[in-house]
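The paragraphs below lead a new reader through one structure. Please keep the sequence and the model at hand while reading.

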Amino acid sequence: MSNAQPIKGSDIHSLDEMKVSRFFGCNTFNERTMRERLPREVFKAFRHSLKRGEPLAPETAHGVAQAMKEWALEHGATHFTHWFLPMTGATAEKHDAFIAWDEAGVVIEKFSGSQLIQGEPDASSFPSGGLRATFEARGYTVWDATSPAFLIESPLGTTLCIPTAFVGYHGEALDNKLPLLRSMEAVSVAALHALGHFESRASQVVPQCGPEQEYFLVDLELARQRPDLTFANRTLQGARPPKGQELEDHYFGSIKERVLGFMQDVELECFKLGIPAKTRHNEVAPNQFELAPIYEPANLASDHNQLLMEIMKRVGERHNLAVLLHEKPFAGVNGSGKHVNWSMATDEGHNLLDPGKTPEENLQFLYFLGATLKAIHRHGGLLRASIAFAGNDHRLGANEAPPAIMSAYLGSQLNHILEAIERGDVADASEKQLLDLRLGSLPALEKDATDRNRTSPFAFTGNKFEFRAVGSSQAIAFPLTVINATVAEALDAMNLRMDEEIASGKSTRAAAMAVIREAIIETRAIRFEGNGYSEEWMAEAERRGLPHARDTVAALRIWEEAKSKEVFSRSRILTAEECEARLHIRHEQYQKALSIEAQVLREMAETLLLPAILEDLGARAAALGSLSTLGIPVPAPLKAALETQTRLAGVAQERLVALKAAMVAAEALETHHARTEAYGGSVRHAQDLLRDVLDQLEKDCSAARWPIPVYRELLAPL
Ligand code: ADP
Ligand code: MG
């Protein structure tokens, strides 16, 4: 492979042109390319600073920039951009051409080390949650050398994208990436400390993540006829189709050709960008699908997931398909989530959540398992808050997706083991006791057993945890940051206890077992194996004192608690101000999302649906009238139906007025909290009521007059 000609992404147009292994990552300036193109010394210096997390020396940066520029120009790039993840949850770019004047006043291609390392996009219009007063609105983008630069190709030209963190003048994190990187570092430090007690030679621990992405596809022509799909990313009105997902014949069904064509093109783009797209299949709801990548270090997984969402939309357009990433595009059929699979691995490739084969590895596994349970136990509310936003409110607690109560599912075998530890059966942690636990045979046995409980928001699946409550449209960086931050805190607490136990004269093993046992006992309340959707669990969870935030409003309140803020500030993942800013933005985004929905539904009702309904009523009334004129008696049921429809239309008009009033009232409120509550309460309620009656009216309206595509058309097999 290495002596083959370098492959250009623009030369490959379909998956069958060559083996993936030959072109995987060809549009990234990855380590292999760097090794080939950088002067040896520069490459060594680069690797060295990367490994130690130190800033690059200016000469090194310059060397990398030169090689990167040459590579990008050879691939046809004309512009470069610092690519970052603002707190909106989207991605941002600001393109600059590779041009400068030389001394003679002639244009040359130029890209310097300083342009690579730092940019000043200004970008003062991004939400900063008050972190940047406009008079010092400067924000800087700083190269994240751990994530390779990449090329975005389009028929209109190629752009070099340089992944960066976005920071304020005083170093404040203005994006989703910097806190994620800081949280990964916190995990590494705490985990290495713990590993010091076991036989490990690791020098770094890296949180790993594989996010499974669910989505819907809808014919683009149809989607464009719906203002709600265009502006709110979900249908705000729509009667249930005659055939929804009752038959469950879509799940894992054979993939239709049109869809397969789309999927293959997405994969092609992914592979060129080094995104390890692995699995594709049909999901439960009609026209719902999933793509799962192979797991990677959490920051890469996060960058790649952001890119994936963009690729899907772009490729979708090419295939005349709208890609719906919203958590609940259609009422009455399943919504979409993003299962965030999470684990921790050493730089030697050892997965710390893998039970392992030796007694020593078993003990170490239990230690890291205990820490993860402690994190969920102490900060279940914050985890819930990390996935709280308008779209996810339709899933969580709405009886289909994982419930809004954070609990952990471990499977019966692992639970038996924890119970034995709880009883004190394994107190010495002798070789024999640890072997008797039979942890080594766990992954193979557990896999099927664990996968069956789909109702758990946080499930252990053999050698990783699966956080299933994350929303499909959501940036995963922040939920990952919360998992990392809370696990790092739990590890630190356990490490401290471990030191105390050893100081009191216990052997390392017995000390570890004592600390593990404490963690197991302490976290009993969040371990739950039953049906997470059931009423009994709601009651039981309340008895156990677990937080149950039913919606965003309630979840954000938990985030405001002191212990939530402290878990960020203690290892400098987010300062108090940075934390406050994010909360502020969450409120703002929630209000905006609900306000847009309400406005779009208002407009649809007023300018599209009600006029059509009235026209339909008029036509029917005219038809009945002409029958009468001809002396044909109008049958009572026909008249009654018309009367009912007319009455319902009146109700719709009344509810439309009520919705407008609720919106005006919400906007007039002074504080953020009050506005968020009003949008989540009275506005949403008014919107639901209006939808309800419009859905009823749709069912009886003449199909020819209904002005927008209905569910039956939107969900028809592609
Ligand atoms: P399951 O059947 O339990 O869902 P899969 O093997 O299908 O497991 O993996 C689902 C997702 O989990 C994939 O994206 C995969 O890369 C990811 N994954 C697997 N192992 C790990 C791990 N150790 N850490 C993080 N993610 C993982
Ligand atoms: Mg899974």
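Leaving aside its neighbours within four places in sequence, which residues is Leu574 in contact with? They are Ala173, Pro179, Phe568, Ser569 and Cys579, where two residues are in contact if their C-beta atoms, placed from the backbone, lie within 7 Å. Pro179 stands 395 residues away from Leu574 in sequence, yet their C-alpha atoms are 6.4 Å apart. Leu574 belongs to the loop between helix 19 and helix 20. Helices (H or I, at least four residues) and strands (E, at least two) are DSSP runs, numbered from the N terminus. Leu574 is buried, with 23 other C-beta atoms within 10 Å. A residue is buried if 20 or more other C-beta atoms lie within 10 Å of its own, exposed if 12 or fewer, and partly exposed in between, with C-beta atoms placed from the backbone.

Some conventions come next. The model is predicted: local features need pLDDT of at least 70 and side-chain atom pairs count only at pLDDT 80 or more, while totals for chains, interfaces and linings use all residues. Residues are numbered from 1 along each chain as its sequence is written, and chains are lettered from A and ligands numbered from 1 in the order in which they are written.

Now the chain as a whole. Its secondary structure comes to 23 helices and 18 strands. The radius of gyration, taken over C-alpha atoms, is 28 Å, close to the 27 Å that the globule rule gives for 718 residues, so the chain is as compact as a globular protein of that length; the globule rule is 2.2 Å times the number of residues to the power 0.38. Along the principal axes, the C-alpha atoms fill a box of roughly 100 × 80 × 55 Å. Of the 718 residues, 48% count as buried. Among contacts between residues at least 6 apart in sequence, 74% join residues at least 24 apart.

The chain is divided into domain 1 (9-175), domain 2 (185-574) and domain 3 (590-714), with bounds that come from an automatic or database domain assignment. The centres of domain 1 and domain 2, taken over C-alpha atoms, are separated by 30 Å. Between these two domains, 20 residues of domain 1 are in contact with 16 residues of domain 2. The side of domain 1 that touches domain 2 has 10 nonpolar, 10 polar and no charged residues. Here Ala, Val, Leu, Ile, Met, Phe, Trp, Tyr, Cys and Pro count as nonpolar, Asp, Glu, Lys and Arg as charged, and the others, Gly among them, as polar.

What surrounds ligand 1? Its shell holds 16 residues, and the closest are Gly210, Tyr295, Asn341, Ser343 and Lys464; a residue is near a molecule if its C-beta atom, placed from the backbone, lies within 6 Å of it. By class, the shell divides into 6 nonpolar, 7 polar and 3 charged residues. Strand 10 gives the most, with 4 residues.

Helix 20 (576-629) is a place to look at next. Glu580 is found in this helix and, with 16 C-beta neighbours inside 10 Å, counts as partly exposed. Glu580 and Gly129 are 451 residues apart in sequence but 7.4 Å apart in space, C-alpha to C-alpha. Val634 lies in the loop between helix 20 and helix 21 (636-667), and is partly exposed, with 13 other C-beta atoms within 10 Å. Leaving aside neighbours within four places in sequence, Val634 is in contact with Leu624, Leu627, Ser628 and Lys639. The C-alpha atoms of Val634 and Leu624 are separated by 6.4 Å.

The last topic is backbone geometry. Most residues other than glycine have a negative phi. Asn233, in the loop between helix 8 (227-231) and helix 9 (257-272), has a positive phi of about 65 degrees although it is not a glycine. Asn233 is buried, with 20 other C-beta atoms within 10 Å. Arg572, in the loop between helix 19 (562-569) and helix 20, also has a positive phi, near 55 degrees, and is partly exposed, with 13 other C-beta atoms within 10 Å.
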